[in-house]
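I opened the model to look up a few things and kept notes as I went. The entries below follow the order of the look-ups.

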Amino acid sequence: MITLKNIEKVYQTKTIETVALHNVNLHIPKGEFVSVMGPSGCGKSTLLNIMGLLDEPTNGIVEIDGKPISRYRDNELAHIRNQKIGFVFQSYHLINDLSVLDNVELPLLYRSGTSAAETRHMALTALEKVGLSARTKHYPTQLSGGQRQRVAIARALIGQPEIILADEPTGNLDSVMGEEIMNILLNLNRQDGTTIVMVTHDENMAQKTERLIRFFDGQQVSDAKTNAYDFQQV
Amino acid sequence: MIRHLFKLIWNRKKSNFLLISEIFFCFLVLFAVLSLVVYNVRNYSKPLGFEYDNVWLLTSRADIDSTELRIAVEQQLAQKIRSYGEVEGTALVSSNSPFAFSQMKVWAQVEGGPRILVENIDVEDTFAEVLQLNVSAGRWFTKQDDAARYESVVINRVLQQELFGAESAVGKLITRNDSSQVQIIGVVDHYRGSSEYSEESPVLFTRINQQKVAVFWGEMLIRVKPGTGIAFEERMVKDLSGIAKNWTLELTTVEKMRQTKEKLSLVPMIAMAVVCGFLIFNVALGLFGVLWYNISRRNGEIGLRRALGASANQVYRQFIGEVLVLATFGLVLGVAFAVQFPLLQVFEVESIVYFIALGIAVGLIYLLAIGCAFYPSRQAAAIHPALALHEE
């Protein structure tokens with residue numbers, strides 16, 4: 001599904017050169033639920049941005065479904081993001097001036113060939129999946145943190161992406177809300193076979209996923225199956 | 001996407017209120033200035049109805065009281081002027097000659113019809129020849145009018161339409177100033193002697209007949225041959241001064257009079273255009289600043305849209321689209337207000353003038369909006385999605 005080969009990411013200013021990722025090699029097969037852990041600034045979000053085609057590596061190859069994307073133009077990358085990838089962010093990134101339903105419909109705005117009625121139906125289905133069908137006309141500011149994150153998940157789901165990239169989706173939530181969100185993601189992975197890569201600081205959440213990759217100072221330090229799976233030191 | 005943009009702008013109407021108001025007021029000022037410009041340009045492009053090139057105007061002011069004596073000297077002057085090889089013709093005219101500052105209004109009325117205020121110009125028989133008027137129906141004045149039962153008059157087509165509609169006017173009688181009846185003997189296509197920028201008003205030409213009514217006119221149009229220059233002018237004035245001793249003689253070209261009138265029409269138009277230009281420039285700066293600020297405030301949203309599948313080009317188009325929607329909100333209000341002018345016939349200006357001005361103003365506002373949104377939208381499209389999301 002997603003393959004990263006010898007990925008390196010260096011942020012360069014006039015005076016400072018910061019290595020965010022160094023020699024990262026990863027393969028995430030279809031249907032896997034992977035969590036990425038590591039201290040702040042270790043390159044987790046950078047990794048997610050590169051996987052989500054929001055950022056380019058300084059060196060290395062990113063492959064989606066076996067195809068290297070380095071030669072793709074901006075609109076082709078946008079098309080892949082729209083068709084294949086769904087994003088969930090720690091701070092939800094909802095547009096406060098749009099209703100819950102309109103927020104969920106956003107990804108389909110950039111997909112041609114979907115009628116307004118179809119879009120509405122898909123948005124309602126996605127909201128039903130996350131248990132928010134009663135809040136369609138509400139605005140994000142009228143919702144709790146957990147509800148907002150569920151809207152963000154519904155938005156990520158609406159386009160039926162093969163991959164969901166979640167950047168600390170429970171980071172701003174209390175444990176009960178966090179648990180709810182985690183369950184939604186687990187259900188998505190188990191029932192729909194959606195590939196999920198989740199960045200988290202929460203060891204408990206990470207242990208619920210199939211595979212845990214740890215990063216430190218921009219380098220992948222471990223890559224292991226959790227619980228029932230074999231541990232593999234990188 | 002259009003529905004989405006309208007929804008977005010509508011939901012942000014409070015924060016967009018100032019921008020919409022700015023666009024609304026800018027539209028109104030632009031509409032006012034453009035209405036004036038369109039009115040003037042449309043009038044300018046219409047035929048004047050006469051040729052003023054190579055036509056001079058001699059104005060004479062006598063220092064004697066006797067009208068008979070004045071007329072006699074005036075006739076000597078005309079005779080002398082016509083004797084020059086350079087002169088093609090002369091015609092006495094009342095003081096409201098082409099591009100003059102004076103007016104002479106009378107009431108004209110067909111029996112049972114409305115009273116119409118018309119410009120009355122007294123002219124000699126040679127007037128049509130000197131100004132090369134085109135008589136499209138009937139005829140111009142001739143000697144045969146001396147014996148006519150009613151005083152003969154020639155009118156312009158505008159007056160014909162106001163008095164008789166599509167019917168022919170030739171031979172019909174009209175009442176002038178509620179007293180005398182006059183007979184229409186001809187209709188000229190056009191006569192717009194007031195200014196090139198003014199609308200054609202109803203005109204009534206009456207005939208100067210000094211055998212019947214002895215009046216000293218003091219204004220004489222002179223058509224000279226093409227290429228006749230200042231040397232001849234000086235010679236003629238010198239010769240005429242010898243005939244009309246102690247008289248004040250002024251010789252000017254009708255072209256100079258036209259230029260003076262033109263300045264009077266153009267100055268207010270230019271002044272308004274300059275004021276409007278400054279206003280639009282300020283609005284443009286304001287619009288640009290607000291858009292720039294809005295876009296920099298919406299970095300997170302831009303990053304999100306990019307993450308959800310918007311290409312840089314789609315982000316660019318979205319921001320341009322938003323500004324166009326904003327402009328549309330302002331314009332809907334503006335057009336609703338402006339359209340009252342043609343509907344209520346304000347200032348008795350043709351509706352088409354307002355509609356043209358309205359169309360141009362709408363187009364210019366959209367162009368202005370696109371122009372102001374161009375750079376900030378380009379900047380928005382260039383925002384790196386990962387960075388924008390991170391900043392948020």
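Contact between the chains. I worked on a predicted model. I looked up which residues form the contact and found 23 residues from chain A and 22 residues from chain B. I then asked which elements of chain B give two or more residues to the side that touches chain A. These are α1 (2-11), α8 (299-307), α9 (312-338) and α12 (385-391) of chain B. With 5 residues, α8(B) provides the largest share of that side. I sorted the residues on the side of chain B that touches chain A by class and got 10 nonpolar, 7 polar and 5 charged.

Sheet in chain A. I traced an open sheet of 4 strands in chain A, and its order reads β2-β1-β4-β5, with antiparallel pairing. Which strands stand at the edges? I noted β2 (17-28) and β5 (67-68) of chain A there; each has a single partner strand, so one side of each is left without a neighbour in the sheet. I next followed the pairing of β2(A) with strand β1 (residues 2-12) of chain A, which is antiparallel and runs over 8 bridges. I picked out one bridge by residue: A:Y11 has A:T18, in β2(A), as its partner.

I checked UniProt, where an unreviewed entry lists "transmembrane region" for residues 16-39, 266-294, 315-339 and 351-375 of chain B. I took two of these spans and looked at their secondary structure in the model. Residues 16-39 of chain B are 100% helix and 0% strand, with 34 Å between the end C-alpha atoms. For residues 315-339 of chain B I read 96% helix and 0% strand, and the end C-alpha atoms are 35 Å apart.

Domains of chain B. I have chain B divided into domain 1 (2-46 + 261-391) and domain 2 (63-246). How far apart are the centres of domain 1 and domain 2 of chain B? Taken over C-alpha atoms, I get 51 Å. I also looked up the contact between these domains of chain B: 7 residues of domain 1 touch 7 residues of domain 2. On the domain 1 side, the elements that give two or more residues are α2 (13-45) and α7 (254-297) of chain B. By class, I recorded 3 charged, 3 polar and 1 nonpolar residues on the side of domain 1 of chain B that touches domain 2.

Terms used. Residues are numbered from 1 along each chain as its sequence is written. Chains are lettered from A and ligands numbered from 1 in the order in which they are written. This is a predicted model: local features need pLDDT of at least 70, side-chain atom pairs count only at pLDDT 80 or more; totals for chains, interfaces and linings use all residues. Two residues are in contact if their C-beta atoms, placed from the backbone, lie within 7 Å. Ala, Val, Leu, Ile, Met, Phe, Trp, Tyr, Cys and Pro count as nonpolar, Asp, Glu, Lys and Arg as charged, and the others, Gly among them, as polar. Two strands pair if DSSP finds at least two bridges between them. UniProt positions are given in the numbering used here, feature names are shortened, and annotations may be inferred rather than shown by experiment. Domain bounds come from an automatic or database domain assignment.
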